[in-house]
Amino acid sequence: MVTIYTDGASRGNPGPGGFGVVLLANGHRKEIAQGYRLTTNNRMELLAVIVGLEALKKRDLEVTIYSDSKYVVESVEKGWVFNWDAKPDFALKKNRDLWKRFLQVYQFQNVRFIWVKGHASNIENNRCDILATQAADGFNLEIDEGYE
């Protein structure tokens, strides 16, 4: 069983942004964060989930992802994302580069999402928020190729 907490942030929307991820499994903990010079909050929320899943070295794991992004959680839990690429207007969807990347990594795990209220009492979600905002405010910000 793997638990992944994620959060994304942007200073302005668009603006400098970042994501934070906390992975918990078998008594181990890993934190991942990265900042970008120009992006959106939704892109960072989604990228946090992707990076968390990409960090897993094994397949077919039971993975629970906690996110405060209804954009991400509902897109997956309501099944919307699984039909987007078959629709003729998929090219017009925002963040399609990241959704394609998500679908590639999602298929290798048994994932369930849990939405949590942001900036509330969830300690790990709050830690991800700190990681994301520090990354957004940091130096050496990367270029969000899919956005810029």
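Visitor: What makes Phe-102 count as buried?

Guide: Happy to start there, with the note that this is a predicted model. Buried means under 20% relative accessible area, and Phe-102 has a relative accessible area of 0%, so the residue is called buried. Phe-102 has its place in helix H4.

Visitor: Which residues is Phe-102 in contact with, leaving aside its neighbours within four places in sequence?

Guide: The partners are Leu-46, Val-49, Ile-50, Leu-53, Val-76, Val-81 and Phe-113. Phe-113 lies 11 residues from Phe-102 in sequence, with 14 Å between their C-alpha atoms.

Visitor: What makes the contact of H2 with H4, and how do its residues divide?

Guide: H2 brings Tyr-71, Val-72, Ser-75 and Val-76, while H4 brings Trp-99, Phe-102 and Tyr-106. Six of these residues are nonpolar, one is polar and none is charged.

Visitor: Why is strand E2 described as largely enclosed by the rest of the structure?

Guide: Count the buried residues. In E2 (residues 15–25), eight of the 11 residues are buried, so the strand is largely enclosed.

Visitor: How do you know that E2 pairs with E1 and with E3?

Guide: Pairing needs at least two bridges. E1 (residues 2–10) is joined to E2 by nine bridges, and E2 is joined to E3 (residues 28–39) by 10 bridges, so both pairs pass. E1 and E2 run antiparallel, and E2 and E3 run antiparallel too. As examples, Ile-4 stands opposite Leu-23 in E2, and Ala-25 has His-28 in E3 as its bridge partner.

Visitor: What lies between the strands of each hairpin?

Guide: The hairpin of E1 and E2 has four residues between its strands, and Gly-12 in the turn has a positive phi of about 95°. The hairpin of E2 and E3 has two residues between its strands, and Asn-26 in that turn has a positive phi of about 50°.

Visitor: Is Asn-125 buried or exposed?

Guide: Asn-125, found in helix H5 (residues 123–136), has a relative accessible area of 1%. The cut-off for buried is under 20%, so Asn-125 is buried. Leaving aside neighbours within four places in sequence, its contacts include Tyr-5, Asp-68 and His-119.

Notes:
Residues are numbered from 1 along each chain as its sequence is written. This is a predicted model: local features need pLDDT of at least 70, side-chain atom pairs count only at pLDDT 80 or more; totals for chains, interfaces and linings use all residues. Side-chain values use heavy atoms; hydrogens and water are left out. Contact means heavy atoms within 4.5 Å. Ala, Val, Leu, Ile, Met, Phe, Trp, Tyr, Cys and Pro count as nonpolar, Asp, Glu, Lys and Arg as charged, and the others, Gly among them, as polar. Buried means under 20% relative accessible area, exposed over 50%, partly exposed in between (1.4 Å probe, protein chains only).
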